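Dear colleague,

Please find below the structure that I am handing over to you. My notes on what was found in it follow directly after.

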Amino acid sequence: MTKPAMAIPVTRTGLDRSAPFGFTCKRCLQCCRNKKIQVNPYEIARLAHHLGISTTEFIERCTVENGSFLKCNEDGSCMFLGADGCAVHSDRPLVCRLYPLARHVNQKNEEWFSELKPEADCRGSYRTDDTIAGYLEGEGAPAFMQAANIYLNLLWEMMSELETQQDEPTDEPPDEEDITPENWLDMHAVVTGYCLRHRLEIPRSVNEQMRLHVEALQQWIKPTQKE
């Protein structure tokens with residue numbers, strides 16, 4: 001039985017990007033255990049591309065709750081943790097890049113950070129000669145944060161649209177190709193359907209797929225934009 005993810009204590013919060021912060025990972029692998037790693041469509045697509053599979057297959061094989069969280073091994077470790085460390089390190093999710101920081105964004109797009117208390121056996125070292133902004137850049141986080149912002153805003157809009165649909169029920173059957181709350185995370189499935197409907201070539205790059213994925217979701221959320 002998989003061990004439940006543990007809440008991580010916070011040592012500081014309310015930090016902005018100018019706050020002094022630096023951390024050097026020593027690859028002790030302690031932080032890769034007993035965590036519930038949430039992923040968005042961009043992160044799923046990056047990981048799927050790394051493994052050479054579709055996002056549909058990745059969601060089925062490597063996630064739980066319809067693609068919301070990465071699977072863990074029976075001992076609570078991340079499924080991508082190997083003897084030599086992370087097997088998908090170059091495409092690891094944002095939460096892994098941020099650690100030992102946590103990023104928070106509210107519906108006003110206001111951002112702040114918290115510093116998490118490391119595991120007791122963590123061998124990483126802290127520095128004060130850098131800032132959170134510098135740390136984020138060094139970990140390759142900006143592109144992931146931009147994608148996280150886009151999908152978070154879309155998620156809030158989607159939730160609002162679902163509430164509207166519940167308040168205004170219809171007897172019309174849904175279109176076979178409609179995006180649903182269950183499949184919206186599956187970039188490959190959504191983009192493939194969108195490209196077929198609009199007679200577009202399915203792009204190969206993750207960034208171009210994301211652009212079309214966002215476009216398709218926006219049209220689903222705002223019915224007036226549908227053809």
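**Notes on the structure**

At a relative accessibility of 2%, Phe-21 counts as buried, because the limit for that class is under 20%. Please keep in mind from the start that this is a predicted model. Phe-21 forms an aromatic pair with Tyr-126, and the arrangement is edge-to-face, with the ring centres 6.2 Å apart and 80 degrees between the planes. Phe-21 belongs to strand β2 (residues 20–24) and Tyr-126 to strand β9 (residues 125–131), so this pair ties together parts that are 105 residues apart in sequence. Tyr-126, for its part, is partly exposed, with a relative accessible area of 36%.

A second pair consists of Phe-58 and Phe-80; their ring centres are 6.2 Å apart and their planes are at 10 degrees, so this pair is stacked. Phe-58 sits in helix α2 (residues 55–62), while Phe-80 sits in the loop between β4 (69–70) and β5 (81–82), and the two are 22 residues apart. Both Phe-58 and Phe-80 are buried.

In total, the structure holds six aromatic pairs. One aromatic cluster is formed by Phe-21, Phe-23, Tyr-126 and Tyr-135. An aromatic ring also meets a charge in this model: the charged end of Lys-36 sits over the ring of Phe-69, at 4.5 Å from the ring centre.

**The chain as a whole**

The protein chain contains seven helices and nine strands. Of its 227 residues, 38% are buried.

How confident is the predictor, on average, in the protein chain? The average pLDDT is 89, and 88% of the residues score at least 70. Residues 1–5 call for caution, since their pLDDT stays under 50. For this stretch, the model has 12 contacts beyond four places in sequence.

**Backbone details**

Most residues other than glycine have a negative phi, and most peptide bonds are trans.

- The peptide bond from Tyr-99 to Pro-100 is cis, with omega near 10 degrees. Pro-100 is located in the loop between α3 (94–98) and β7 (101–105).
- Leu-29 is not a glycine, yet its phi is positive, near 70 degrees. This residue lies in the loop between β2 and α1 (41–51). With a relative accessible area of 17%, Leu-29 is buried.
- Asn-34 also has a positive phi, of about 55 degrees, although it is not a glycine. Asn-34 is found in the loop between β2 and α1.

Ser-77 lies in the loop between β4 and β5, and its relative accessible area of 4% makes it buried. Its side chain makes a polar contact with the side chain of Asp-75, at 2.6 Å.

Ser-68 is placed in the loop between β3 (63–64) and β4. A polar atom of its side chain lies 3.0 Å from the backbone oxygen of Glu-65. Leaving aside neighbours within four places in sequence, Ser-68 is in contact with Ile-37, Gln-38, Val-39 and Leu-185.

Is Glu-208 buried or partly exposed? Glu-208 is partly exposed, with a relative accessible area of 33%. It is part of helix α7 (residues 206–221), and its side chain makes a polar contact with that of Arg-211, at 3.1 Å. Glu-208 and Val-191 are 17 residues apart in sequence, and their C-alpha atoms are 10.0 Å apart in space.

With kind regards

Notes:
Residues are numbered from 1 along each chain as its sequence is written. Side-chain values use heavy atoms; hydrogens and water are left out. Helices (H or I, at least four residues) and strands (E, at least two) are DSSP runs, numbered from the N terminus. Buried means under 20% relative accessible area, exposed over 50%, partly exposed in between (1.4 Å probe, protein chains only). Rings of Phe, Tyr and Trp (its six-membered ring) pair if their centres lie within 6.5 Å; planes under 30 degrees apart count as stacked, over 60 as edge-to-face and the rest as tilted. A charge sits over a ring if NZ of Lys or CZ of Arg is within 6 Å of the ring centre and within 35 degrees of the ring normal. A polar contact is a pair of N or O atoms within 3.5 Å; within protein, one must be able to donate a hydrogen and the other to accept it, and residues adjacent in sequence count only if both atoms are side-chain atoms. Contact means heavy atoms within 4.5 Å. pLDDT is the predictor's confidence in each residue, from 0 to 100.
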